[in-house]
Amino acid sequence: QTTTPAVTPTAPATAPEAQTSLPATQAEDDRGASERAEGNRVGSVTGFPIPRYVSIKASEANARRGPSRSHRIDWVFQRRNMPVMVVAEHGHWRRVVDRDGAGGWVHYTLLSGERTAIVEQDRLPLYQRPDRGSMVRAEAELGVIGALRECRLDWCEMEVGGYRGWVEVRGIWGVSPGETFD
């Protein structure tokens, strides 16, 4: 049995902020907030940037060798909200890879435009403001997945385990260098 990575508070707890839900159309699910990401390539189906980040919507998502159900399953993503990078499109299928480069073709209905990131640094501080000198609200363990609310160059506002704070982009995977969105 595996244990779930945790978030350790470093300041008095406050009430978790309400999450907002995103519309579930195909275009919005595929696009996510990365539609404004820099890049010259765009998907032939959606017209959104390639590569771009999305997340796994389902608790299980089959990654296939090719873009159809007749292709063999090479990989199964088993973590809801896992960030993945879309690197190609074909009809209703998106070629995705995770932070380790594993992946395959996934049906677009299993993907969400909600932006998430995975913590790549143990005890990643969640700061009150995008400034290393500000108060640390909590620390996230290696492997924790959190929702991204906003990114500004080298910082992203991340919500994880009921805590919200600013993290340095270099400590997470799921955002392109220099990407900004709100």
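Is Arg149 buried or exposed at 18% relative accessibility? At that value Arg149 counts as buried, where buried means under 20% relative accessible area, exposed means over 50%, and partly exposed lies in between (1.4 Å probe, protein chains only).

The legends below describe a predicted model, in which local features need pLDDT of at least 70 and side-chain atom pairs count only at pLDDT 80 or more, while totals for chains, interfaces and linings use all residues. Residues are numbered from 1 along each chain as its sequence is written, and side-chain values use heavy atoms, with hydrogens and water left out.

**View 1. The disulfide of Cys151 and Cys156.** The structure holds one disulfide, a term for a pair of cysteine sulfur atoms within 2.5 Å. This disulfide joins Cys151 to Cys156, with 1.9 Å from S to S, and the link is right-handed, with 110° about the S-S bond. Both Cys151 and Cys156 are buried.

**View 2. Strand E13 and its two partners, E12 and E14.** Helices (H or I, at least four residues) and strands (E, at least two) are DSSP runs that are numbered from the N terminus, and two strands pair if DSSP finds at least two bridges between them. Strand E13 covers residues 155-160 and is mostly covered, since six of its six residues are buried. Trp155, Glu157 and Glu159 point one way from E13, whereas Cys156, Met158 and Val160 point the other way. On one hand, strand E12 (residues 145-152) runs antiparallel to E13 and is joined to it by five bridges, with Met158 in E13 as the bridge partner of Leu148. On the other hand, strand E14 (residues 163-168) also runs antiparallel to E13, and six bridges join the two; here Val160 stands opposite Tyr163 in E14.

**View 3. The turns on either side of E13, with Leu153 and Gly161.** E12 and E13 form a hairpin with two residues between them, and Leu153, found in the loop between these strands, has a positive phi of about 45° although it is not a glycine. Most residues other than glycine have a negative phi, and most peptide bonds are trans. Leu153 is exposed, with a relative accessible area of 55%. In the hairpin of E13 and E14, which likewise has two residues between the strands, Gly161 takes a positive phi near 60°. Gly162 is placed in the loop between E13 and E14 and counts as partly exposed at 31% relative accessibility; its C-alpha atom is separated by 9.7 Å from that of Gly146, although the two are 16 residues apart along the chain.

**View 4. Backbone features at Pro51 and Arg123.** The peptide bond from Ile50 to Pro51 is cis, with omega near 0°, and Pro51 has its place in the loop between helix H1 (26-31) and strand E2 (52-56). Arg123, a residue other than glycine, has a positive phi near 55°, and Arg123 lies in the loop between strand E9 (116-119) and strand E10 (124-127).

**View 5. The surroundings of Val175.** Val175 is found in the segment after strand E15 (172-173) and counts as buried at 8% relative accessibility. Not counting residues up to four places away in sequence, Val175 touches Tyr53, Arg115, Leu148, Cys151, Cys156 and Val169, where contact means heavy atoms within 4.5 Å. Val175 and Leu153 are 22 residues apart in sequence and 9.9 Å apart in space, C-alpha to C-alpha.

**View 6. Salt bridges, including that of Glu114 and Arg149.** A salt bridge is a side-chain nitrogen of Lys or Arg within 4 Å of a carboxyl oxygen of Asp or Glu, and by this rule the count comes to 12 salt bridges. Side chains of opposite charge can pair when their charged atoms come close. The side chains of Glu114 and Arg149 meet in a salt bridge of 3.9 Å, N to O. Glu114 lies in the loop between strand E8 (111-112) and E9, and Arg149 lies in strand E12, so the pair ties together parts that are 35 residues apart in sequence. Glu114 is partly exposed, with a relative accessible area of 22%. Arg115 forms a salt bridge with Glu179, the closest N and O atoms being 2.8 Å apart. Because Arg115 lies in the loop between E8 and E9 and Glu179 in the segment after E15, this pair ties together parts that are 64 residues apart in sequence. Arg115 counts as buried at 3% relative accessibility, and Glu179 counts as buried at 4%.
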